[in-house]
Each structure stands twice: as structure tokens, then as C-alpha cells.
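Here's a quick briefing to read alongside the model. Have the viewer open and follow along.

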Amino acid sequence: MASFYTNKKILVSGAAGFIGYHLSKRLLSEGAHVVGLDNLNDYYDVGLKLDRMRQFQESDQFTFVKMDLADRKYMPTLFAENQFDCVVNMAAQAGVRYSLKNSVIAV
């Protein structure tokens, strides 16, 4: 029986993070085509993020794009080249302590 996600093209930002990885894995198991976007920043172990992405490399249903979500030059190209059925934003700066120490206060 086909899933709702079968043959849907879904962009998952933050795909190399814990939640983004598991979401991508689930969507692939349901028959979706997943484009995983991540900037692979070094806030925590990049090797762990790369290991997660390597698990998908044999799937013809998964495409990894190393890009920052804030890249205003190339993001429009990504959307122009793909007809996404859905976009799920899991990208975030990990770590609450970092955001507290490096917060920007608007006055």
C-alpha cells in the first residue's frame, strides 16, 4: 500500500542533525524523494553529521545539498531546480547556551 509520501519530493533542512536525519530516514522509508539540506557547521561533531548523510548515499531517493539556509544567492536556485511538494525546516543553531551567550538584543 502506498504512503501519502510516496513519490513526493520533500526538502528537509537541517537534514544532518538528529531530528532532520530521523525525519529524512522515515520519509525515505515511506517512498518519498528527499533533498537533505545542511551547512554541516562545526558546532558539534561534523563527522557524526557526515556519518548520518553517508547512510543515505546508496539511495537514489536522497540528494544531499551542502548549503546554508541563509544563502540568499543559491536558495532561489535550489527551489527553481526542484518542484518540492513540501518543505520541512529542521535547521537551527544547536545549543541553548550558545544563543544565550551570543544573543542579539534589539532596542
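H33 is partly exposed, at 26% relative accessible area, where buried means under 20%, exposed over 50% and partly exposed in between (1.4 Å probe, protein chains only). This is a predicted model, so local features need pLDDT of at least 70 and side-chain atom pairs count only at pLDDT 80 or more, while totals for chains, interfaces and linings use all residues. Residues are numbered from 1 along each chain as its sequence is written, and side-chain values use heavy atoms, with hydrogens and water left out.

**Around H33**
- H33 sits in strand β2; strands (E, at least two residues) and helices (H or I, at least four) are DSSP runs, numbered from the N terminus.
- N7 is 26 residues away from H33 along the chain, yet their C-alpha atoms are separated by 6.1 Å.
- Setting aside neighbours within four places in sequence, H33 touches N7, K8, K9, I10 and Q61, a contact being heavy atoms within 4.5 Å.

**Overall layout**
- The protein chain has four helices and four strands, and from the N terminus on they run β-α-β-α-β-α-β-α.
- Of its 107 residues, 29% count as buried.
- Take the contacts between residues at least 6 apart in sequence: 72% of them join residues at least 24 apart.

**Helix α1**
- α1 (residues 18-29) has 12 residues and should span 16 Å at 1.5 Å a residue; its end C-alpha atoms are 17 Å apart, which agrees. The expected span is 1.5 Å times one less than the number of residues.
- Its buried residues are G20, Y21, S24, L27 and L28. Seen down the axis of α1, they fall within an arc of 130 degrees, so they line one face of the helix; the arc is that of the directions from the helix axis to the C-beta atoms.
- The cover over those buried residues of α1 includes β1 (9-13), β2 (33-38), α2 and β3 (62-66).
- On the face turned away from the buried side, α1 carries the exposed residues F18, I19, R26 and S29.
- Just after α1, G31 has a positive phi of about 95 degrees.

**Salt bridges**
- There are two salt bridges in the structure, each defined as a side-chain nitrogen of Lys or Arg within 4 Å of a carboxyl oxygen of Asp or Glu.
- R26 pairs with E30, their closest N and O atoms being 3.0 Å apart. R26 counts as exposed at 53% relative accessibility, whereas E30 is partly exposed at 23%.
- D51 and R54 form a salt bridge at 2.5 Å, N to O. They are three residues apart in helix α2 (residues 46-54), so about one helical turn separates them.
- D51 is partly exposed at 42%, and R54 is partly exposed at 46%.

**Nonpolar surface patch**
- F18, I19 and M90 make up a nonpolar patch on the surface, with about 310 Å² of accessible area together. Patches are made of residues with over 30% relative accessible area and no salt bridge, with like charges joined within 9 Å and nonpolar side chains (Val, Leu, Ile, Met, Phe, Trp, Tyr) within 5 Å.
- M90 lies in the loop between β4 (86-89) and α4 (96-101), and counts as partly exposed at 32% relative accessibility.

Technical notes
Accessible areas come from the Shrake-Rupley method with a 1.4 Å probe; for residues, only the protein chains shown count as cover.
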